[in-house]
Amino acid sequence: NSFCTLLAWMRNAALRGLVLIAVVACVLLLAKRAAWGAPRRWGQPRILLVGDSITQQSFATGGWGAGVADWYARRADVINRGFSGYNTRWVRHHKDAIAGSLPTGGPWLWGTLFLGANDAAGNHQHVPLPEYRANLRDLATWLREVVGVQRLVIMAPPPMDPEHHIRARGLRPEEETRTDAAHAAYAREAKAVAEELDCPFVDVRDEILRGMGDRWKEGLRDGLHLSEAGSAVVLSALKAAVERRWPDVVPLDDRPMLLPYHADPSLHAIPPFGHRGA
């Protein structure tokens, strides 16, 4: 009797194990489908980039935002909401207008929040560190809970080369209000907010300084904004952060793509327009 009872228990345990495996597989499949949605029915999945001029200019040739768009070609629409000269205070003030400007579409795959370079300036754009941290936290929470960008990467301001910036802008030395030390301080605050909210963090300043070494100044086209070389470093770090944290939204070959691949037999079967039966 004891042997039969043990045998029955083992059969039931095996059955429960199979059921559990099936449930987990279904949950993972549904999570994957929820992340990408159904492009042909609900619209393309979307990626949102929010920031200042470093984000606004990221769609230029060789820019990191253009690199994201290329990475997700036919798999997601990358939406740029970078505002040249803006700090966290001004973006926070206009967040309702930003939300209202966003096109409808499929699910948000992920997004970036890349602010701090102007907050760190010593001019009319300056925002003190405590307020910067509070603003950044508020914007990250708003993007997640109101806009719906649940997967959010927070990015720190880049390094600063005042001498190059003075030459590029035609400033007198006493007119320069930006320093690399200030950028470093705001980068630390951005990291603290990312850790507090459990967001992936890309330390743009550190990535360029460490990744480019003695050539780090080549990562900045004017001492402040990213050059193509600097953008390449940032794009690589951003890709790594997304791949590490959210592998289910990485644009692999088996992910949904808008319209069939050109070798798909269904395309070859399309008759010419005007052809009878077309």
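The secondary structure of this protein chain comes to twelve helices and five strands, where helices are DSSP runs of H or I of at least four residues and strands are DSSP runs of E of at least two, both numbered from the N terminus. Please keep in mind that this is a predicted model, in which local features need pLDDT of at least 70 and side-chain atom pairs count only at pLDDT 80 or more, while totals for chains, interfaces and linings use all residues. Residues are numbered from 1 along each chain as its sequence is written, and side-chain values use heavy atoms, with hydrogens and water left out.

Of the 278 residues in the chain, 44% count as buried, buried being under 20% relative accessible area, exposed over 50% and partly exposed in between, with a 1.4 Å probe and protein chains only. Among contacts with a separation of 6 or more, 77% are accounted for by residues 24 or more positions apart, a contact being heavy atoms within 4.5 Å.

Let me start with helix 4, residues 64-71. Its buried residues are W64, G65, G67, V68 and W71, and, seen down the helix axis, they fall within an arc of 155°, so they line one face of the helix; the arc is that of the directions from the axis to the C-beta atoms. Those buried residues pack against strand 1 (46-51), helix 3 (53-56), strand 2 (77-82), strand 3 (108-114), strand 4 (152-155) and helix 11.

Which residues of helix 4 meet helix 11? They are W64, G67, V68 and W71, and on the side of helix 11 they meet S231, V234, L235, L238, K239, V242 and E243. The axes of the two helices come within 8 Å and cross at roughly 45°, the axes being lines fitted to C-alpha atoms over the stretch in contact, with angles that run from 0 to 180 degrees between N-to-C directions. That makes helix 4 oblique to helix 11, since angles under 35 degrees count as roughly parallel, over 145 as roughly antiparallel, 65 to 115 as roughly perpendicular and the rest as oblique. By class, the residues of this contact divide into seven nonpolar, two polar and two charged, where Ala, Val, Leu, Ile, Met, Phe, Trp, Tyr, Cys and Pro count as nonpolar, Asp, Glu, Lys and Arg as charged, and the others, Gly among them, as polar.

R75 is buried, with a relative accessible area of 11%, and, although R75 and P45 are 30 residues apart in sequence, they are 7.0 Å apart in space, C-alpha to C-alpha.

Helix 11 also packs with helix 10, at an angle of about 115° and with the axes 10 Å apart, which makes helix 10 roughly perpendicular to helix 11. Here V204, E207, I208 and M212 of helix 10 meet A229, G230, V233, V234 and A237 of helix 11, a contact with seven nonpolar, one polar and one charged residues.

D203 lies in the loop between strand 5 (201-202) and helix 10. Is D203 buried or partly exposed? D203 is partly exposed, with a relative accessible area of 22%. Leaving aside neighbours within four places in sequence, D203 is in contact with A156 and A187.

Finally, the axes of helix 7 (residues 129-147) and helix 9 (residues 180-197) come within 10 Å and cross at roughly 40°, which makes helix 7 oblique to helix 9. By class, this contact has ten nonpolar, one polar and five charged residues.
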